[in-house]
Amino acid sequence: MLLIKNGRVLDPATKTDATLDVLIDGDRIAQVGANLESSNGAEVFDARDLIVAPGFIDLHCHLREPGGEMSETIETGTRSAARGGFTAVCCMPNTQPVNDNASVTRSIVERAAAAGTVRVWPIGAASAGSKGEALAEISAMKSAGIVAVSDDGKPVATARLMRQVMDYCTPLGLPVIDHCEDPSLFAGGVMREGPNSLKLGLPGIPAASESICVGRDIEMALLTGARLHVAHMSTAGSLAYVRAAKRNKLRVTCEVTPHHFTLTDDDVRYDTHYKMNPPLASRSDRDALIGGLADGSIDAIATDHAPHHPASKDVEFDRAPFGVLGFETALALGLTELVDTGKMPLMRLVELFTTGPARVLGLERKIAAGEPADLTIFSSDHTWTYRTADSPSKSRNSPFDGRSFRGAPMATIVGGKVVYRRT
Amino acid sequence: MLQRLSHLLGTENLTSEQIAFILDQAKPFQEFQRHPLKKLATLRGKTVAIAFFESSTRTRISFTTAASRLGADTMALQAESSSLKKGESLIDTVRTLEAMRPDGIVIRHASSGAPEFVAQRLEIPVLNAGDGTHEHPTQALLDALTIRDRKGKLEGWNITILGDILHSRVARSNIHLLTKFGVKITLCGPAMWVPRDLEKLAPGVRVVHCIEEGLRGADVVMVLRVQTERLHQPALAPDEYIAQYQLTPARLLLAQPDALVLHPGPIVRGLEIDSAVADGPQSGVLEQVTNGLAIRMALLYHLIGGAPADAPHPAKDRANASD
């Protein structure tokens, strides 16, 4: 038994914003109410001045296991996720081997259970080997625990394949997540095309490279009626397509990463911690994304946590792999960039980390008796400095190393167990 | 007071005072190239690492000769014969070179930003001899020296740069350098190689896609080589390029009558420039090559020699000549 006393319970599902106690019995929430008695010797967690939210869900991360253990393992990645306040993370299938069959899925699920921190919900490959040819063993992976399919790292190769994947996944109830990019426009680019790419002499990727593929996928969603989720969306053009699809009642959702709502292509310099895909967008695209996050057009904040071991990033900009760490700075960036700036109320930010991503997966998330005891307890005014050297992650590739923040996860509770507590 | 340089990574972050100082320092080295005995003792005992991770002939020979004429020894690394082929990273390669204790390193690399990457990690001065499609500062400095010699000054000219600007480090370094002296720059070439956003690189830059409009009234015309090896998109058919953008004697008439024609080389005769222009009286192409030696000697002397800015110039001090 764990009694969380005097926290400000913020639950977007029930629109609750009140000082309440939450009693946890085993792996479930037993009771939510004011001034609950601590009976039967329940352990008491004093949450005074803290916010108690449903457990955060990250729809997009890379845990690198199997095959990339130099950069991250399920064990180190989930510890980093717990520090970021995440109670469940969806890991992308671009491992080695690719998670395109049930035995890889099962091994990820078993390794995650052994690590025993946050829940790991694997995403299966859409095509065998993510090669864009034949379909992966999607139904077998579903039985083993996948929550969605994606060929992340690259787009589902053709419109025809996307149609097949969508048709196949619809009766299975699985959303199709796409990394939207047109390979012919991407063409060796390493940052967003614009004045800064011209100045730095780095090959640019036009914004249309993303939106053209979002448009294609929405056409396929219209054709098939499937659930489409646009991964790490970064441009105003893509957002316009998604808004139109939502107006037309298509089952289309999307996510945005903290680095895309925080940084712009003007921030890019010859530092590979600013190299990610999709690349940092223009200021006007970034501002449009913030608008979409605030008005509900964008469903979730997802980290795209992409660890790369230090030696692989300590190279020339154009030779470095794409990607940055994301778990431990996500909430703080949301608080700093979106709430403290008045772009959205705190309740909306919590929604983007909880009920928003849950709905993308077809799940509910709320703080109520009988629900799984997954909770994220955070402070909106705790000041701290992010240092990659302190991270349990095996990688250090963050552009936010050394940045000071106001607001931080204070405890992460998964299935009634406190898996992280800030000291 | 002149801000002392610790590296030469590009012209973007040089002040006009620093540029003028380098050009002034290069002057005596220009005259020195005409001496029968072309050897100074200024950098005797110093070693310059010449690390070319991308093939080059003229820039490598120019730097090597400049170092040699200052009395320095060189150690050369060339991509074809280096351990890069065996998978060694750039940082490991340059740290290995540094462990042999050179006093400075000259780097050419196909990746934009590679010299800055190295400069942040080594203790010795780094000279950028061309990085990707970013900068080629010694080329811009030698171009500036040539313009100043032939036109009497740098300030206030209308200068047209013609060709594939998008993939040109020479163009970027020239744009940054020349605009610091109030030069009005016209960038001209096919639209896919001359994007409109280039106008935001510096004040006084305009983009024009019609060569006649681009050349009209120009005081200097810089012709770039068409760098087919660096293109990420289908290249234009050579005949199309020639028809639309070759600098011909007839087109040159649109520029000022005494317009100076420059080309960083190597020239592809009959493609970007007509031989009659390249070899004509308005061409400064061969002076550019000689001026390259003077500029590189001036830079090596200041970055590696460590002399104060007001020290007597070594090329004027004949006692300094070695045997």
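Biologist: What ipTM does the model score?

Modeller: This is a predicted model, in which local features need pLDDT of at least 70, side-chain atom pairs count only at pLDDT 80 or more, and totals for chains, interfaces and linings use all residues. Residues are numbered from 1 along each chain as its sequence is written, and chains are lettered from A and ligands numbered from 1 in the order in which they are written. The pTM is 0.95, and the ipTM is 0.94.

Biologist: What average pLDDT does chain B have?

Modeller: pLDDT is the predictor's confidence in each residue, from 0 to 100. In chain B, 93% of the residues score at least 70, and the average is 92.

Biologist: Which residues touch the most other members of the largest nonpolar core?

Modeller: A nonpolar core is a set of buried Ala, Val, Leu, Ile, Met, Phe, Trp, Tyr and Cys residues joined through C-beta atoms within 7 Å. A residue is buried if 20 or more other C-beta atoms, placed from the backbone, lie within 10 Å of its own, exposed if 12 or fewer, and partly exposed in between. In the largest core, of 114 residues, the members that touch the most others are Val22(A) and Val149(A).

Biologist: How many residues of strand β14 of chain A are buried?

Modeller: Strands (E, at least two residues) and helices (H or I, at least four) are DSSP runs, numbered from the N terminus. From β14(A), Val252(A), Cys254(A) and Val256(A) point one way, whereas Thr253(A) and Glu255(A) point the other way. The strand, residues 252–256, is mostly covered, and the number buried is five of its five residues.

Biologist: Which residue of β14(A) is the bridge partner of His229(A)?

Modeller: Two strands pair if DSSP finds at least two bridges between them. Strand β13 (residues 228–230) of chain A runs parallel to β14(A), joined by three bridges. Within β14(A), the partner of His229(A) is Thr253(A).

Biologist: How many residues of domain 1 of chain B are in contact with domain 2 of chain B?

Modeller: An automatic or database domain assignment supplies the bounds, dividing chain B into domain 1 (16–136 + 288–320) and domain 2 (137–284). The centres of these domains of chain B, taken over C-alpha atoms, are separated by 26 Å. Two residues are in contact if their C-beta atoms, placed from the backbone, lie within 7 Å. Domain 2 of chain B contributes 25 residues, and domain 1 of chain B contributes 22 residues.
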